[in-house]
Amino acid sequence: MSVYAQLSNLGTWNILNFKYIYSDKVSFFGETQLRSLQFYNSYHYYEYKGGFNFKPGNAYQFSLGLGSYQTYREGGNFLKPKNNDEFRLWPQLFLFQTLFGIKIEQRYRMEMRWTSAGYRNRFRYRLGASYPFSLGNQKAKNVQLILSNEVFFTDKEPYFERNRFQFGLSYKVTNATTIQLGYLHQFDYRINDEIGRNFFVIGYFIDLFNKIAKKSSSESVFKEN
């Protein structure tokens, strides 16, 4: 019974991500997410989004994305009326570096948000670290331990909106597919566009390569959350 109670208090965060790598510098992505406040029950949120990345060097990358973000009321599956119906446009900057074998990533994002409560701005900063290693007798480093924390701010009081902490494991099944499992804790402060809880994270990521693109694993392991 205690195991069931713990699972019922653990939400789920499901991710399906596609990326088309056109060249070493240009790629396009699409992603959808489905979230629940209990373990595969009490579904309250979904989103779908897409955009493109431009990576002129190994140390940084520019991106532009847009998408739809839908939040329903707590207490059931997709209960109406909605808490929030939102369209979002966001430019962002990634910075990459490696220190003692650990990959460090910083992401700066500005969100322009057309919500049910009107237009809003939001600013996000995420710091992440990943440690790649090989599993079994394989020479390629196909597993990564990942850890990240992200803070959300606005240009209106109370300014601070959210903190999102995540850790997990990423396993590269093939050169084109990756599975990610993890835990995410989200704390919200006076906002209703999504509900902060503890989540079990499962993600499936598919990379499609153009013939002129190198099949490299140097892209961000944290994707577009």
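Which residues make up the largest nonpolar core of the protein? The points below take up this and related matters.

1. Basis of the model. This is a predicted model, in which local features need pLDDT of at least 70 and side-chain atom pairs count only at pLDDT 80 or more, while totals for chains, interfaces and linings use all residues. Residues are numbered from 1 along each chain as its sequence is written, and side-chain values use heavy atoms, with hydrogens and water left out.

2. The core. The largest nonpolar core has eight residues in all: Trp-13, Ile-15, Leu-37, Leu-184, Ile-195, Phe-199, Val-201 and Phe-205. Strand E1 (11–21) and strand E11 (198–209) are the elements that give two or more residues to this core, and E11 gives the most, with three. A nonpolar core here is a set of buried Ala, Val, Leu, Ile, Met, Phe, Trp, Tyr and Cys residues joined through side-chain atoms within 4.5 Å. Buried means under 20% relative accessible area, exposed over 50%, and partly exposed in between (1.4 Å probe, protein chains only). In soluble globular proteins, nonpolar side chains tend to be buried together.

3. Overall architecture. Helices (H or I, at least four residues) and strands (E, at least two) are DSSP runs, numbered from the N terminus. Of the 225 residues, 46% are buried.

4. His-44. This residue is found in strand E3 (residues 41–57) and is buried, with a relative accessible area of 0%. Leaving aside residues up to four places away in sequence, His-44 touches Arg-35, Ser-36, Leu-37, Gln-70, Thr-71, Tyr-72, Arg-73, Glu-194, Ile-195 and Phe-199; contact means heavy atoms within 4.5 Å. Among these partners, Leu-37, Ile-195 and Phe-199 also belong to the largest nonpolar core.

5. Cis peptide bonds. The bond from Lys-80 to Pro-81 is cis, with omega near 0 degrees, and Pro-81 is found in strand E5 (residues 79–99). Glu-157 and Pro-158 are likewise joined by a cis peptide bond, with omega about 10 degrees; Pro-158 lies in the loop between strand E8 (143–153) and strand E9 (160–172).

6. Positive phi values. Most residues other than glycine have a negative phi, and most peptide bonds are trans. Phe-100 has a positive phi of about 55 degrees; it is placed in the loop between E5 and strand E6 (102–115) and is exposed, at 78% relative accessible area. Tyr-159 has phi near 70 degrees, lies in the loop between E8 and E9 and is partly exposed, at 42% relative accessibility.
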